[in-house]
Amino acid sequence: MTKEHFLGRTLEAFDPPVRGDAITGERYYAKSWARAEWRHVFSKVWHIGGMLADLEEPGDWITHNLMRDSVMMIRQEDGSVRAFFNACIHRGNRLLWSDMGSNERITCSYHGWQFGKDGTLLFAQDAEDFPGGNPCGKAHLTEIACATWGPFVWFNMDKDATPLHEWLAPLTEQLAGYQMETMTRVLDVRCEIPCNWKIIRDNFNESYHLPTLHPELASFIDDEYTDTSFEMYPSGHNRMVQKGCHPSKRLDYPDAMQPLIEDNLREWGLDPADFVDKATEARRAIQLAKRRLGPERGFRHFDTMTDSQLTDYYHYTLWPNTTITMSPDGFQILRSEPHPTDPEKCIFDHWYLMPPVDGRNEVVTPVGVVPFEHAEREVVIYGEATLGYVADQDMSVAVGQQQGLHSMGYRGGIISGQEKRIQRFHELLNDACGIHGALPADAD
Ligand code: FES
Ligand SMILES: [Fe+2]
C-alpha cells in the first residue's frame with residue numbers, strides 16, 4: 001500500500017462529517033422529489049452529452065434527452081462545440097429526434113424555420129409578418145453552457161454554471177495520466193430500469209455489496225473495506241480505490257494463488273510458480289512488469305499512469321449521477337438518469353472506453369469480445385439482454401429494493417461506515433432540494 005494512493009479514511013479533508021439524516025423511502029417514488037431534483041440538481045450540474053468522436057465535421061450534431069428536456073450539441077465552423085436547447089423558439093416544437101446527424105441547417109418540422117449551426121435563425125416563412133420585424137439573423141436558439149473534457153462533450157443548463165474544469169476538480173488532475181481523451185467507446189448500452197435513479201447511485205456509492213452480489217471479484221480485487229480508500233470531495237464527487245491483481249483480504253487465506261492472477265502473471269512474463277502461497281505479492285510484481293514491458297507492447301498510456309493505476313480500480317462517482325470506473329485496461333461510464341415522467345424508472349447507460357494499443361483490433365468488454373471501434377448505441381429491454389455481467393448482478397436487486405422502499409417497515413436506513421458515501425449523497429441531495437425529513441402524506 002502506498003500512501004499516495006491509499007489515503008484511507010484518515011485524511012479529514014476527504015472525510016467530511018455527516019448528520020445521519022434518514023434516507024426516506026418516498027424520495028425513491030414521490031413525484032415531488034423528482035420535480036425538486038430536476039429544479040435544483042439536474043438543471044444545475046454538468047452532464048456528459050456524448051462523444052467528441054461523433055462530432056468530427058462542422059454541422060455534425062448529437063442530442064441528449066434529460067427528463068422532459070433535450071439538448072443538441074453542434075460542431076461549429078471554427079472547431080468549437082456549442083449546445084442549445086432542442087426546442088424551436090417559434091412555438092416550441094422539438095427540433096431533432098435522433099441521437100446524431102449532420103446538417104448545414106436545422107429545420108423545424110412544424111412551420112419550417114431554419115437555424116444555422118450557431119443557432120441563428122436563417123429562414124422564417126413570411127418573415128415580414130412579425131410585429132417586431134423580420135426575426136431572421138436576430139433570433140437564436142437558446143444556448144447553454146458547453147465544454148469538453150476527455151473524449152466527451154458536456155453541457156450545463158445553468159446560466160451561472162461553474163466552469164467545467166473547476167466543477168470536475170480534483171478529477172482532471174487525478175485522471176490525467178490515463179489519457180482518456182485518446183480512448184474509443186467500444187460499448188454503448190442503454191436500458192430503462194424499473195427503479196428510481198438513486199437506487200443505482202446508492203449501489204455505486206458503496207462496495208459493501210461486493211462479497212454478496214459479486215463474490216467472484218474477491219479472487220482478483222481486494223474488497224476488504226479497511227484496505228479500501230474512500231474519499232469525498234467538497235464538490236460532491238467521490239472516489240473509492242481498491243487494489244487489483246490482489247485477492248481479497250476477506251478470504252480465509254488471501255495468499256492462495258487465484259486463476260485470474262495467474263493469468264495476469266503469465267501475460268506479463270512472470271512465473272506463477274514464484275508466487276505460490278504469495279498471491280498478495282503478485283500485484284507489485286505485475287506493476288513492475290507492466291512498467292517495463294508496457295511501452296514495447298504498445299501500451300503507450302502506461303507511461304503516464306502511476307504504478308497503482310497499472311493494477312488498481314479507481315471508482316469515481318460524479319455528483320450526482322455519473323460513475324466513472326477506471327481500470328488498468330480502460331474505463332466504464334455507468335450513469336442513471338431520472339425517467340421523464342415516472343420516478344420509479346430510470347435510464348441507465350453503460351459505456352466502456354479503451355485506449356489504442358498497437359496491433360489490437362478486438363477487445364474484451366463487460367459484455368464480451370467486440371471489435372476495437374466506435375460502437376453504435378444498443379438500446380435493450382430490461383431482463384432481455386445483458387448490460388454487462390457485473391451490472392446485471394447490480395440491477396438484479398434494484399427492482400426488489402424499489403418495492404421494499406415503499407414498505408411501512410422501511411424506516412430510513414441503517415448505514416455502515418463503509419457506506420458513508422451514500423449517507424453524504426442523500427444529505428447533499430436534501431440540502432440541494434431543500435427537503436428535510438418525510439414529505440406530508442398527500443405530497444403527491
Ligand atoms: S414551431 Fe418551429 S417553426 Fe413553428
Ligand atoms: Fe456492484
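Predicted model: local features only at pLDDT ≥ 70, side-chain atom pairs only at ≥ 80, totals over all residues.
Local features need pLDDT of at least 70 and side-chain atom pairs count only at pLDDT 80 or more, while totals for chains, interfaces and linings use all residues; side-chain values use heavy atoms, with hydrogens and water left out, residues are numbered from 1 along each chain as its sequence is written, and chains are lettered from A and ligands numbered from 1 in the order in which they are written.

Helices (H or I, at least four residues) and strands (E, at least two) are DSSP runs, numbered from the N terminus. H209 is buried at a relative accessible area of 9%, and D394 is buried at 6%. Buried means under 20% relative accessible area, exposed over 50%, and partly exposed in between (1.4 Å probe, protein chains only).

Strand β11 (residues 184-193) contains D188, which is buried at 3% relative accessibility. The side chains of D188 and R185 form a polar contact of 3.2 Å. A polar contact is a pair of N or O atoms within 3.5 Å; within protein, one must be able to donate a hydrogen and the other to accept it, and residues adjacent in sequence count only if both atoms are side-chain atoms.

Strand β2 (residues 60-66) is largely enclosed by the rest of the structure, because 6 of its 7 residues are buried. β2 pairs with strand β5 (residues 100-102) in the antiparallel sense over 3 bridges, and W61 has G101 as its bridge partner in β5. Two strands pair if DSSP finds at least two bridges between them. Strand β3 (residues 69-75) runs antiparallel to β2 and is joined to it by 6 bridges. The hairpin formed by β2 and β3 has 2 residues between the strands, and M67 in the turn has a positive phi of about 50°.

In helix α1 (residues 31-42), the buried residues include W33, A36 and F42. Among the elements covering the buried residues of α1 are β2, α4 and α9 (420-433), where contact means heavy atoms within 4.5 Å.

The whole structure contains 0 disulfides, a disulfide being a pair of cysteine sulfur atoms within 2.5 Å. The sulfur of C346 lies 4.2 Å from the closest cysteine sulfur, in C195, and is therefore too far for a bond. C433 is in no disulfide either, with the nearest cysteine sulfur, that of C346, 17 Å away.

The backbone also deserves attention. Most residues other than glycine have a negative phi, and most peptide bonds are trans. The peptide bond from A169 to P170 is cis, with omega near 0°, and another cis bond joins W319 and P320, with omega about -5°. C245 has a positive phi of about 55° and lies in the loop between β13 (238-242) and α6 (259-267).
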